[in-house]
Amino acid sequence: MSVNDRALQVANQDRHNKLCAMVKADVPAVMRIARHLRELESIEVYKKTHKTFAKFVAEELGFEQAHAYRLIDAAKVEENISPIGENIMKPQTESQYREVAKAPPEKQAEVVLKAAEKAAKENRKPTAKDYKQVVGELVFDDTEEEPADTPMVAVSGVSGVDLALQNGKALNT
């Protein structure tokens, strides 16, 4: 490796470290923005000038609708998990919050706790994958499987679409 290549490698590593520090320092700012967006949506003053919140955030704040709502969801999760205290590693990125948001509000704190415990056992910080796995275990594994021998009753709807009713749930056929 040449001296120039080595110097470039060192410079890139230094820049990488500085950028990582800046991103970590900005995470609280992102969550402040998320809380502000949530409040803006809830007080509904935007309705004076815009038909929808999505149009408001796009035209006035420069946010795409999907991004604004992901941030609002993150703010909701942050509120739902606040009772777990400050000593637990909470989500640090939008992608982590997005995974936690897939759980019902009453299970979100448990998701964060279990993901933090799992990561701590492996001597690392929780990842979005950890949160996703815990959500899958807590939310989707808790559902009871339907018995295989449950009889189905066919019902013909007004529109001519046939439905099958099994255990009180409508299934398309």
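In which elements of the protein chain is confidence lowest and highest? In this predicted model, local features require a pLDDT of at least 70 and side-chain atom pairs a pLDDT of 80 or more, whereas totals for chains, interfaces and linings use all residues. Residues are numbered from 1 along each chain as its sequence is written, and side-chain values use heavy atoms, without hydrogens and water.

The pLDDT (the predictor's confidence in each residue, from 0 to 100) averages 82 over the protein chain, and 82% of the residues score at least 70. Confidence is lowest in strand S2 (residues 162–166), with a mean of 33, and highest in helix H2 (residues 53–61), with 96. Over residues 144–173 the pLDDT is below 50, although this stretch has 32 contacts (heavy atoms within 4.5 Å) beyond near neighbours in sequence. Where pLDDT is low, the predicted coordinates should not be read in detail.

The protein chain contains six helices and three strands, taken as DSSP runs (helices H or I, at least four residues; strands E, at least two) and numbered from the N terminus. Their order along the sequence is α-α-α-α-α-α-β-β-β. Among contacts with a separation of 6 or more, 45% join residues 24 or more positions apart.

Of the 173 residues, 24% are buried, that is, under 20% relative accessible area, with exposed meaning over 50% and partly exposed in between (1.4 Å probe, protein chains only). The accessible surface, from the Shrake-Rupley method with a 1.4 Å probe, comes to about 12200 Å², of which 54% belongs to carbon and sulfur atoms. Leu40 lies in helix H1 (residues 3–43) and is partly exposed, at a relative accessible area of 30%.
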